[in-house]
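The sequence and the model come first.

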Amino acid sequence: MQLDIDFTTGRLRSMADAVRQVINGYKKGYQFHGNQLHSDVSRIYPPAATMYTDTVQRAMRRHCRYAVKCINQNSSLYEKQ
């Protein structure tokens, strides 16, 4: 599924900024896996490509706690609120 996100706006200072931008770009009710989040963040913040998926998910849980809900922890399935 292609996202309706304009990844070219603004300069990103950190991976946390990239995670916030990607999460805010997802539509309400959109379900995504951790690997998809990692690849979306890597597209707009290339240094994230060498990071573990867990590192990106940890930033999501830290900085976007109220914007996402965990659907299935074992398969790292999340839903945008």
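Arg20 and Asp17 are three residues apart in helix α1, so about one helical turn separates them. In this predicted model, their side chains form a salt bridge with an N to O distance of 2.7 Å. Asp17 also pairs with Arg13, where the closest N and O atoms are 3.5 Å apart. Asp17 is buried, at 16% relative accessible area, because the limit for buried is under 20%. Arg20 counts as partly exposed at 29%, and Arg13 counts as exposed at 73%.

A further pair joins Asp54 and Arg61, with the closest N and O atoms at 3.8 Å. Asp54 is partly exposed, with a relative accessible area of 36%, and the value for Arg61 is 36% as well, which also makes Arg61 partly exposed. Through shared partners, salt bridges link Arg13, Asp17 and Arg20 into one network. The count of salt bridges comes to five; the table gives some of them.

| Salt bridge | N to O distance |
|---|---|
| Arg20 and Asp17 | 2.7 Å |
| Arg13 and Asp17 | 3.5 Å |
| Asp54 and Arg61 | 3.8 Å |

As background, side chains of opposite charge can pair when their charged atoms come close.

**Fold and sheet**

The chain contains three helices and three strands. Along the sequence these elements follow the pattern α-β-α-α-β-β.

The three strands make an open sheet in the order β1-β3-β2, and the pairing is antiparallel. At the edges are β1, residues 31-33, and β2, residues 68-72, each of which pairs on one side only. On average, neighbouring strands of this sheet are turned by 35 degrees against each other, ignoring direction. Four bridges hold the antiparallel pairing of β2 with β3, the strand of residues 77-80. Within the sheet, Cys70 stands opposite Tyr78 of β3. In general, the strands of a sheet pair through backbone hydrogen bonds, either parallel or antiparallel.

The loop between β2 and β3 contains Ser76. Ser76 is not a glycine, yet its phi is positive, at about 45 degrees. Is this residue, Ser76, buried or exposed? With a relative accessible area of 17%, Ser76 is buried.

**Phe32 and its surroundings**

Phe32 belongs to strand β1. Its relative accessible area is 0%, so Phe32 is buried. Which residues are in contact with Phe32, leaving aside its neighbours within four places in sequence? They are Ile23, Tyr26, Leu37, Met60, Val68, Ser76, Leu77, Tyr78, Glu79 and Lys80. One of these, Leu77, is 45 residues away from Phe32 along the chain, while the C-alpha atoms of the two are separated by 5.7 Å.

**The nonpolar core**

The largest nonpolar core has 20 residues, and the members that touch the most others are Met15, Val19, Ile23, Phe32, Leu37, Val41 and Met60. Two or more residues of this core come from each of the elements α1 (15-25), α2 (34-44) and α3 (53-63). The largest share is that of α1, with five residues.

Leu37 has its own set of contacts beyond its neighbours within four places in sequence: Val22, Ile23, Tyr26, Phe32, Val56 and Met60.

**Whole-chain values**

Of the 81 residues in the chain, 43% are buried. Taking contacts between residues at least 6 apart in sequence, 48% join residues at least 24 apart. The chain exposes about 5,300 Å², of which carbon and sulfur atoms supply 46%.

How values were computed
Residues numbered from 1 in each chain as written. Predicted model: local features only at pLDDT ≥ 70, side-chain atom pairs only at ≥ 80, totals over all residues. Heavy atoms only, no water. Pairing = 2+ DSSP bridges. Axes fitted to C-alpha atoms, helices over the stretch in contact; angles between N-to-C directions. Core = buried A, V, L, I, M, F, W, Y, C linked by side-chain atoms within 4.5 Å. Buried < 20%, exposed > 50% of the residue type's maximum accessible area, 1.4 Å probe, protein only. Contact = heavy atoms within 4.5 Å. Areas by Shrake-Rupley, 256 points an atom, 1.4 Å probe, with all protein chains shown as cover. Salt bridge = Lys/Arg side-chain N within 4 Å of Asp/Glu carboxyl O.
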